[in-house]
Structure formats: C-alpha cells, structure tokens
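Please find below my notes on this model, written for a colleague who has not seen it before. They go point by point and may be read beside the structure.

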Amino acid sequence: MRKQLLTLALGGVLATGCTDTVDDCADRTSGTICTFMGTGKAGLGHDGDGPLAVQLYMPQDLTFGPDEQPYILDWNNHRVRTVDPDGSVRTVIGTGELGDAPDGVATETRLNHPTHVSFAPDGALILSAWHNSKVARVDLTNGSIKTICGTGGRSYFGDGGPAHDAVLDLPVATVFDSQGRMIIADQGNQRLRRVDHEGNIDTIFGPDKTWLDASQAWVCPDGASPGDMACKVCKAAEASDAACEGQPRMRPVGFAGDGASAPEARMFTYFSQAAAPAGRIAIGPDDTIYLADTGNHRIRKMTKDGTVSTVAGSGPASFDKEYAGGYGGDGGPATAAKLKQPRDVALGADGTLYIADTDNHCIRAVAPDGTIRTAAGVCGSKGDAGDGGPATAALLDRPHGVEIGPGGALYIADTQNHRIRIVHP
Amino acid sequence: MWTRLLCGLLLMGLGVGCSAEPAAEAPCDGPAGTICTWIGTGDAGFDGDGNPLLQSQLYWPIDATIREDGRAWVLDWNNHRVRAVIDGKLQTVIGTDELGDGPPKQEDLKEPGADGTTVNLNHPTQFVPQADGTLMLVAWHNHKLRRYDPATGKVVVACGGAPGFKGDGGSAHDAQVDQPQAMAPDGKGGHYLLDQRNQVVRYIDAQGIISTIAGTPKSDGYAGDGGDPLAAKFSFPKGSNPPPGGWVTVGPDGHVYVSDTLNHRIRRIDLAQKKIETVVGTGTPGYGGDGGQGTAAQVNNPRKIVFGPDGKLYIGDEYNNRIRAWDPATGVVTTVVGTGEKGFSGDGGPAAEAQIYRPAGVAIGADGDLIVIDSYNHRLRRVIGFFGGK
C-alpha cells in the first residue's frame, strides 16, 4: 500500500515511481557499463515491474530471441523471465517451485535451476532444464512446453537412439548448427551430444558409449578417491545396467584431444549432485563449436571436421584436476593467457570471442587475430561497482554468462551481483 | 541516475526500499491469540544479515528451531541458509552466497569440520537440537545430516553421501539417504528420520546404527494401515526434483507420527505393537471435518507436524492455507490459524481470522508462542501466548 501511495505521490511531480523502468545510465558511449536488469539484491521481486526494479537471484545467462527480447535464466528463482516491449518483466517459464519440468503450460511447469535458452531455426525456445536433466521446447506462440530430450534421469544413455529416450546429466546449454541440428553441452557426462534431423542423439565430443578405460584420469563424487569401493566401475552405458543403479559413475574427465579428433577429446566440467553449472557452448557461422572447458580453465573449439584445439587459456599439458587456473596474459596470445573457471562463451559479429571468466570476475575477449584482452570487469577483483563508467573499471562478481545482444551490445550475467549488465557497443 | 537518488532520498525518509512492503515498526502486542509478523518483509530474497527482523528478507522459510532458552534459528530454504536470531537480527550460521554441498575442499567430511559460513547448502529443511548442545542439520538436497556446534561454529557431516538407499544395519555415517526431510529425537538418544525419496522412515539409534522402521523402500503408495509398518507404503513427493514433503515427529505417547503428504493423511506408528494407522485424513485432499474426528477430516498436502506443550498435534495444512490441530485425547481436529484463503492479512488480530499462504507448519516458540512458518508469504509469524504464556 505504501508503495502505491508513494507512486501516486510522486506521479504528479515526476511522472515515474520507483518501480517504473528508467534507464539511469545516461552515458551510452561505447564501452560504458550499466545495469540492464536487477537491483543488486538477491530476490524475486515482482513481475510487472521494470527491469531495474525487479530482483533476480543468481542469474546464469540470457539469450535474445528472434523477437529481440531478452530471456533471462533467473537461476535461483527457478524460472525464465523476459522484458516485454512495454518495459515490464514477465515470467515465461516456471512457477518457481521445484519439480521435474512436466510438459504442459510453460508458466505452470516446475523447474530446478535452469541454465540456458537458445532458439531453434523455427523460432521455438529451447530450454536447458539443467538440474531436471531435460531439454525442453517452448512454443512462445501458445506458451506450451514439451520435453524433447532426456528422461529426467541423470546418466549417460541412449546414443544411437531417439533423443527423447536418451538420458542426459545436467544439460547446461544448447546451440544449433547451420543444418539445424541441436548440439547439447552434456555437462555431467563430459560430452557434447548432437540430435540429428531424425531425432536421434549421438556423442560428438568425448568418448562414445563403448568407452571404458580404468586408467583414464578421473574423479569420484562426494570426496571418494579412485579405487574406493564407492567408485565401482560401471560400464559407460550403465543406465541399462541394473548393477550400477545408484552407483557413482566413472566420468571421462580429463584434458586431452587437442590436435586430434573429437572421440579422443576430454573436458572437465563439474558433475555429481553438488555440481555448479559449467561448460556452456557457442557456435560460429562455420559450425565451429566453442566450449568453456571450465575445469581445465580453457576455451576449446571443435571445427566442423571434428578437430579439437584450445583457443584461450593455458595450464599443464596433461590433465591436472588440482590446477586452479589464474589470471594473466592480456595483450598477448590467448593460448598463453590464464583463465579461471570460464563458464560461458559468445561470439561477436566481427568474430571476437567473449568469455565469461567467472572466477576472475571479468569478461575476456579474444580478437580474431588471437589476442586476448579484458572487455569488462577488473580481473581478480570482485565487487559491485562502476555503472556509468568504462566497463574495464567496473567490478563484477562471478559472472556466469555472456551474450551479444541486438546492436552488438555485450550483456553479462553478473551472477553474484544478481544483475544483468550491459556494455554499450 | 536521478532515479537512484530519488530512491535513496525516499529510503532515508521512510526507512523502506522501493519494492519493500512497509515494515511494522511497532512491536506486536495484543491479547493471547493475536498474530503478528515476527521475521520477514514479505518480499522473497536475501538482503544480507544484520537487519532488524521485520526488515529482513526470507525466501520460502521451511522451519524454525527455538530452544527453551530462547535461542532461535530459521531454515531459510531458498536462500540455502540457516540463520540465527541474535539480538533482534539474523545472522547466517551455516550457508554462503553460493549454492552447493559443503565447503570447496569438503573439509566438513571429517573432524574438526569446517566453519559453517564456508559450507554451501542446497535447500536445508530442519535444524534439530541434540542432547549434547549441538544441532543436527537436515541437509535435504545434499542427502546428508550435518552436525553444527554452536560453541565452535563448525560443521561436520554425520550421515549420508551420494543419494541412495544403503547402509541399514551399519553406521549412519556410512549410510545413504535420499533427500531426508526431517528427523525427530526419541528421547533415548535415537532419532527417526524421514527419508523422502526413499519413501521410508529410518531410525538412527543411540549408537549410530541405522535401520528402516516403516515404509517400503523406493516404493510409494498407500498401504498397510492396521498392519506392520514395514509392510506399509507412504507417498512422499518423488521424482528427480521433488518439492519438499513428509515429516516425522514423536508424540508424548512415544508413538511415531508421520505426515504422509501425498496420501493427505497423518499416520501413527506403534512400534511396540508393530502397527500403523491413520489418525487424520481420509486420503482425499480437501478441507473439512473441523470439530469432528481426525479420520473423517480432510487435509490437503500436510507438511510439518509437531506436538505442542498442550499435547495437541499441529499440522501445516499447506494447500488449505491453514494450521490444523488434532487432539489425541479426543481425536478432534480444529483449525487454529488461517481463513483458508491464501494471502497475507490479519496481523494484530486473531490468528484464525488471518490469511496465511502455503504454511510449511509451525514451531513451538518461547513464552508460549506458536510460530507459523508462513512460507509463501516469506515470513515467520507469531501467535502471542497461544499456549498460555509463562
């Protein structure tokens, strides 16, 4: 009630109340950073309010749709929200309650920590319902949601068969290639998988279902060590193996495959019940896939012919799960620079690769010539500051998402500041 | 920029944020049975610790623990924290700004444990005082019990690991549970544990040995009334990402009571007679039967249950937006809080005329107060002198 009174009282004088959408970041010169959405405080806020009045809670990412609206992954509010043309925030998917992402009406489904939205060639919204271990399709014209990949179980199963019957483990993001095939970053399974035009799924980065290599460097969940009874070896296709029901699984974690073909490639993206989102992907016009190989502190790429290489980040030549990454190398070749748990990548129109260098609290950019720089934030310093000034003087707090919006603006999911920030082009 | 300035000016002038509901500054007072907001602004979120209770944000609080000496903790569910009430302010004692399972290097897996404020949580549900002065955290979506020592602030994992159903007959420390929701001390050093996704009630004895005492592992349904609790079935929310459900408590009669959420029943287990039966609910969700026998009354998604000092069982009747009470002496059910209409209203008036919104249940407060866990209003509310005061 008081809010309404306030708005009324102010209305006559100022024409806008606190809950109206006001861009308070007047300086739109190139390289200026502003808050696009969020108050800086963790919370839910109220749909219908403007983006600067509404609260977010650990936003993971955002994607612009063909309608040029932003779709925000409001992670700890367990929903996807957008900003309508009239400047009001609206929930598009999820009630906020926990659930198994049932099919039906998108605003009535129940999600657990969604991480990513992409758009299919036909304009449908594709949701990575991360902790639901499902990929779902949302028809924005009628507001319906339907699972298209994943049973909701968390395992590795189903390659060679229909995607709908496959089992994923924390699908964190999707992209579409030039042929319209969907590629899924299957985080917990340490793989990229692809759904073809017939609706069948296969692995395109990482070992296929026949993989079983006890000598491979690997990690057990929940503090167990390799060799512990808890780390009983189960076949890679263990979802069909009753003996492995509920058992920790071997994951093909590692760092391998640069210069080789994708079946030998290994990544390290977090898994198990307590995993944090990691390992999102982007795709270029030439169908090169860019992967934030979070645990290896590198950005990898896989060209159309399946050749893998590192495009940014450095570290031990062989897999070392203790390697913690770092910061360094701006101004030099990106492959000599250090990153710290990068979570997301995005491609600019000019071929610049933007990296959410999450645990360095900054956004890095790799120019087409391979040189790396910092595009936003002060690497190594976390904070919540700098709106209205140059992006490279601003402070971020564990940004998990990066996106290029209409007009070329750089959008940042400034996760622990509970904001979406924008760097004007 | 001027909007920020404007908001800042208003903040200074009025003590409220732009999107915050007005905080009641006056202490709540009134005759016994008056309801007031105790903690929470009504807006879901986390605005930091250290604010006065009425200016502190919560997000779907799921329980509260109040010790006889008045020390209190809030289970701030979707903020993934346990927060202590200290000098009229909230202070996080377990949990961080992040979501997860333990500290980064998992130092809480062995003694001396990790500082609580380094321990990431994922949707904690209950905080249970132990005889030795520690408290056991039911770390629901971490599939663990974590022991907290208020003297040191340290947390150590006491039970669980990966989700699963394992370990009966052995040490609870090495057992697997699957989204444990609640636990209840038996007064003899043991605890009953509601193991939600396993669809069972387990028992951890005073020596730390775990067993299953009711329900059919991993099989939900409704079965078994009149018979052996181990042949019975419960229906707690299942699936890969279920909402919280189910609860267990021990009555003054020594029997074990189970809130059988999706069967819309409260069931009683007589372990000596090896018998389970329904004491509240017909099995059909709905609202009805106040003033009559519990077995003829309807509840809708019952959540937390707990006995009051008056010997009655208090039920968080979630989808009825009410707190119900069942008197084991007479078998009669009544409504004690809520009009049934979801919403937020009634502070300063009688509790039965107030609106609450999907309450998780109640906690027994100090000084005879009843604490309502008004989850979807993001508030804890207090019914003054409900139990007659001191």
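1. Are A:D177 and A:R181 buried or exposed? Both A:D177 and A:R181 are buried, where buried means under 20% relative accessible area, exposed over 50% and partly exposed in between, with a 1.4 Å probe and protein chains only. These two residues form a salt bridge in which the closest N and O atoms are 2.9 Å apart, a salt bridge being a side-chain nitrogen of Lys or Arg within 4 Å of a carboxyl oxygen of Asp or Glu.

2. On conventions, this is a predicted model, in which local features need pLDDT of at least 70 and side-chain atom pairs count only at pLDDT 80 or more, while totals for chains, interfaces and linings use all residues. Residues are numbered from 1 along each chain as its sequence is written, chains are lettered from A and ligands numbered from 1 in the order in which they are written, and side-chain values use heavy atoms, with hydrogens and water left out.

3. Confidence deserves attention before the details. The mean pLDDT of chain A is 87, and 84% of its residues reach 70 or more, pLDDT being the predictor's confidence in each residue, from 0 to 100. Over residues 1-22 of chain A, however, the pLDDT is below 50, although this stretch has 34 contacts in the model beyond near neighbours in sequence; a contact means heavy atoms within 4.5 Å. Residues 224-247 of chain A also stay under 50, with 37 contacts beyond four places in sequence. Where pLDDT is low, the predicted coordinates should not be read in detail.

4. As for the overall make-up, chain A has one helix and 26 strands, taken as DSSP runs numbered from the N terminus, with at least four residues of H or I for a helix and at least two of E for a strand. Of the 425 residues in chain A, 62% are buried.

5. The structure holds 48 salt bridges over all chains, and side chains of opposite charge can pair when their charged atoms come close. In chain B, the side chains of B:R267 and B:D260 meet in a salt bridge at 2.9 Å, N to O; B:R267 has a relative accessible area of 0% and is therefore buried, and B:D260 likewise counts as buried because its relative accessibility is 0%.

6. A network of salt bridges links A:E97, B:R303, B:E318 and B:R358. A:E97 lies in the loop between β6 (89-93) and β7 (104-105) of chain A, and A:E97 counts as buried because its relative accessible area is 17%. Beyond four places in sequence, the residues that A:E97 touches include A:R110, B:W60, B:Y319 and B:R358.

7. Which residues lie on each side of β22(B)? B:R322, B:R324 and B:W326 are on one side and B:I323 and B:A325 on the other, all of them buried. Strand β22 (residues 322-326) of chain B is largely enclosed by the rest of the structure, because five of its five residues are buried. One of these residues, B:R324, meets B:D317 in a salt bridge of 2.7 Å, N to O, and B:D317 is buried too.

8. Strand β21 (residues 313-317) of chain B pairs with β22(B) in the antiparallel sense over five bridges, where pairing requires that DSSP finds at least two bridges between the strands. On the other pairing, four bridges join β22(B) to strand β23 (residues 333-337) of chain B, again antiparallel. B:W326 stands opposite B:V333 in β23(B), and in the hairpin of β22(B) and β23(B), with six residues between the strands, B:G331 has a positive phi of about 80°.
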